Amino acid sequence: MITIIGGTGRLGRLVVAELAAQDLAVRVVARNRPAGGDGVPFGGLEVGGVEFVRADVRDPSTIAAAVAGSTVVISAINGLDPAAGQSPADVDRDGNLRLIAAARDAGAHLVLMSIIGAREDSPIEIARMKAEAERAAREGDGLEWTIIRAAAFAELWRDVLRQTAGRSGRPTVFGRGENPINVVSVEDVAVAVVRAALDPALIGAVIDVGGPRNVTMNELATWATGSTRPRHIPRVMLRVGAALSAPLRPAIARLMQQALAMDTADLTFDPSRMRAAYPWLPCHDVVGEAALSV
């Protein structure tokens, strides 16, 4: 049994669909079951034969049953949703620590989703929380693990920028939008996660999955909407907004702080070393709407 925690998210549902297509026993664990019929809808696909278990990584009482009988546990969770009343500390650190312990107790191989640049002194909170989870997995006595680190999902930012454009057609960019960041297709990341779940040779590996180009948020806005005139939220407004929001709306404050970091920190990535080590890694130029030969 391969269990995907967070299997209803943007990445998780692609992983579920691919594993189910290979006729593997798959269990989806999430807080809420996706709407649909007998099967489970994933990215427009109605995937049958998938077991669903309701659980919440913030509730320790739900986790052991969620991973029971698993040979592989994939953690595809993140705590950035401002509407969910959660935080990276709740989900990406503490939730993963619980999953790590549960996977070890179940004798399962853990595939841990992280992000490129995860380190404990990162200016981005979720990167710090992911780094703590990575460390716990590597130090987990008797635990078999693989860590997949991804760049920012291009499709996620495409959708966010389109939503902010509204009727005006002008997307909103936080900060100056001139800082290059690496973006990757979520479909490429899903390929890496599925491979990690099925290939025992990757146990103990840390694999960074990035795209072929570093782009600015202004360039992403043009790609997503066609507009070359995005509206900008100045950095000073983000700093003030984060400070004022923190006491009452910490999730909003957190997003503003992350936007500031994305506008200033070095978030570039060169995928060539990883592609040399793992030639099967896809590297599609989704922003350029062209695919590199693999």
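Biologist: Which backbone oxygen does the side chain of Arg27 reach at 2.9 Å?
Modeller: The side chain of Arg27 reaches the backbone oxygen of Ala68. This is a predicted model, where local features need pLDDT of at least 70 and side-chain atom pairs count only at pLDDT 80 or more, while totals for chains, interfaces and linings use all residues. Residues are numbered from 1 along each chain as its sequence is written, and side-chain values use heavy atoms, with hydrogens and water left out.

Biologist: And which side chain makes a polar contact with that of Arg27?
Modeller: That partner is Glu51, whose side chain lies 3.2 Å from the side chain of Arg27. A polar contact is an N or O pair within 3.5 Å, with one atom able to donate a hydrogen and the other to accept it.

Biologist: Where does Arg27 lie, and is it buried or exposed?
Modeller: Arg27 belongs to strand S2, residues 26-30, strands being DSSP runs of at least two residues and helices of at least four. Its relative accessibility is 7%, so Arg27 counts as buried (under 20%; exposed is over 50%).

Biologist: What else is Arg27 in contact with, beyond its sequence neighbours?
Modeller: Setting aside neighbours within four places in sequence, the residues in contact with Arg27 include Met1, Ile2, Thr3 and Ile4. Val53 and Ser70 are also among them, as are Ala65, Ala66 and Val67. Contact here means heavy atoms within 4.5 Å.

Biologist: Where does Asp23 lie, and is it buried or exposed?
Modeller: Asp23 sits in the loop between H1 and S2. With a relative accessibility of 72%, Asp23 counts as exposed.

Biologist: On to helices: at what angle do H1 and H6 pack?
Modeller: H1 (residues 10-21) packs against H6 (residues 186-198) at about 55°, and their axes are 9 Å apart. H1 is therefore oblique to H6.

Biologist: Which residues of H1 and H6 meet?
Modeller: From H1, Arg10, Leu11, Leu14, Val15, Glu18 and Leu19 take part. They meet Val186, Glu187, Val189, Ala190, Val193, Val194 and Leu198 in H6.

Biologist: And how do H8 and H9 pack?
Modeller: H8 (residues 235-245) and H9 (residues 250-264) pack at about 150°, with axes 8 Å apart.

Biologist: Which residues of H8 meet H9?
Modeller: They are Arg235, Leu238, Arg239, Gly241, Ala242 and Ser245, and the H9 residues they meet include Pro250, Met256 and Leu260.

How values were computed. Buried means under 20% relative accessible area, exposed over 50%, partly exposed in between (1.4 Å probe, protein chains only). Axes are lines fitted to C-alpha atoms, for helices over the stretch in contact, and angles run from 0 to 180 degrees between N-to-C directions. Angles under 35 degrees count as roughly parallel, over 145 as roughly antiparallel, 65 to 115 as roughly perpendicular and the rest as oblique.
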